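Subject: Structure handover

Hi,

Here is the structure for you to look over. My notes follow below it.

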Amino acid sequence: MPRSASTRRLVVALLLSCALLAGATACGGDDDDGGGTQAAGSASPGPTTSAQQQKWAKARFVANAGLAAGAAYQWIVKPYRAGAFKKGADGRTFAMVKAGVAGAFTYNRLKAAEDNAKGDPLLAKAVAPLTAGIASLKDVVTRMTRGEPGAGEVGAFESVIDSVKDAGKSAGAEVRDKVPSTSQLSG
């Protein structure tokens, strides 16, 4: 175990050193005046156009909604259909804990996708009617963590996810399920 910890420390120290070195070389640099100083604001990016903002809003919407859909399917819908939440099922407690975490993650990513949609007028119009459905998932997550998730709770997730996917598709931002890693769920 001590060897593993020292190896981790070494890797972290190496990564931090590289990050500091990269940051230092990015801040310094060659100037035309040869004095080694840069004019204030010369490193700041230029203004983004509304077309660029809309493009990124759609991309972020697709990413967040895809992660929400993947988490809901992988750790809520699929285990429910397999009977993992029934009393007496093997691994029921662990499945329910994962479902609770996935439910909170799904709610969080859907709220982020809703915020992202506001950056694109067409997407904002398509997603606006779904805000109540997304907000209702917060209560569903609470009910899921208290006891046995039923068809109503699982159906609520499926319904909202399908609505968000349809809204995205109608606005030209097709959402595909992307299963998040365990570290993404817990982070």
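Helix H3 (residues 92-117) packs against helix H6 (residues 151-170) at an angle of about 25 degrees, and their axes lie 12 Å apart. Axes here are lines fitted to C-alpha atoms, for helices over the stretch in contact, and angles run from 0 to 180 degrees between N-to-C directions. H3 is therefore roughly parallel to H6 (angles under 35 degrees count as such). The crossing of H3 past H6 is left-handed, meaning that the near helix is turned anticlockwise from the far one by less than a right angle.

Which residues make the contact? H3 supplies Gly103, Thr106 and Leu110, while H6 supplies Phe157, Val160, Ile161 and Val164. Contact means heavy atoms within 4.5 Å. By class, five of these residues are nonpolar, two are polar and none is charged. Gly counts as polar in this scheme.

This is a predicted model: local features need pLDDT of at least 70, side-chain atom pairs count only at pLDDT 80 or more, and totals for chains, interfaces and linings use all residues. Numbering starts from 1 along each chain as its sequence is written, and side-chain values use heavy atoms, with hydrogens and water left out.

Now the whole protein. It has seven helices and zero strands (DSSP runs of H or I, at least four residues, and of E, at least two, numbered from the N terminus). Of its 187 residues, 32% are buried (under 20% relative accessible area, 1.4 Å probe, protein chains only). Among contacts with a separation of 6 or more, 75% join residues 24 or more positions apart.

Best wishes

Definitions and conventions. Buried means under 20% relative accessible area, exposed over 50%, partly exposed in between (1.4 Å probe, protein chains only). Angles under 35 degrees count as roughly parallel, over 145 as roughly antiparallel, 65 to 115 as roughly perpendicular and the rest as oblique.
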